[in-house]
Amino acid sequence: MAVYLCIASNGVPPSISKRVQLKVQCESIYILFVPPMLSIPNQLEGAYIGQDVTLECRTEAFPTSINYWTTERGDMIISGSCICLLT
């Protein structure tokens, strides 16, 4: 059991406070792990030659995921780098 004091003040008198007594009863603590889920909003991007393109990948995960793009060969694409594709 512990006692905590909350004080509220905004520079205009009077400041106020509230004391609370907190008792925590817990047998187990569960941490919820969430596997990564991802969505790619625009799965087809078009651009003129020499025009910049931004690839977007939205993810949700806990713990937070590490996200990156790769080329077909498996090379990681670094943010701001130039990848030239010839088709």
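A search of the whole structure finds one aromatic pair. The rings of Phe33 and Phe62 have centres 6.4 Å apart and planes at 35 degrees, so this pair is tilted. By definition, rings of Phe, Tyr and Trp (its six-membered ring) pair if their centres lie within 6.5 Å, and planes under 30 degrees apart count as stacked, over 60 as edge-to-face and the rest as tilted. The pair links distant parts of the chain, 29 residues apart: Phe33 is in the loop between β2 (16–22) and β3, while Phe62 is in strand β4 (residues 58–62). Strands (E, at least two residues) are DSSP runs numbered from the N terminus.

The model is predicted; local features need pLDDT of at least 70, side-chain atom pairs count only at pLDDT 80 or more, and totals for chains, interfaces and linings use all residues. Residues are numbered from 1 along each chain as its sequence is written, and side-chain values use heavy atoms, with hydrogens and water left out.

Phe33 counts as exposed because its relative accessibility is 56%, whereas Phe62 is partly exposed at 44%. Here buried means under 20% relative accessible area, exposed over 50%, and partly exposed in between (1.4 Å probe, protein chains only). Val34, which lies in strand β3 (residues 34–39), is partly exposed at 30%.

The loop between β4 and β5 (69–70) holds Ser65, which counts as buried because its relative accessibility is 18%. Leaving aside neighbours within four places in sequence, Ser65 is in contact (heavy atoms within 4.5 Å) with Pro36 and Thr59.

Two salt bridges are found in the whole structure, each being a side-chain nitrogen of Lys or Arg within 4 Å of a carboxyl oxygen of Asp or Glu. One joins Glu56 and Arg58 (2.9 Å, N to O); Glu56 is partly exposed at 37%, and Arg58 is partly exposed at 47%. In the other, Arg73 meets Asp75 (2.5 Å, N to O). Arg73 is exposed, with a relative accessible area of 72%, whereas Asp75 is partly exposed at 35%.

Technical notes. Helices (H or I, at least four residues) and strands (E, at least two) are DSSP runs, numbered from the N terminus.
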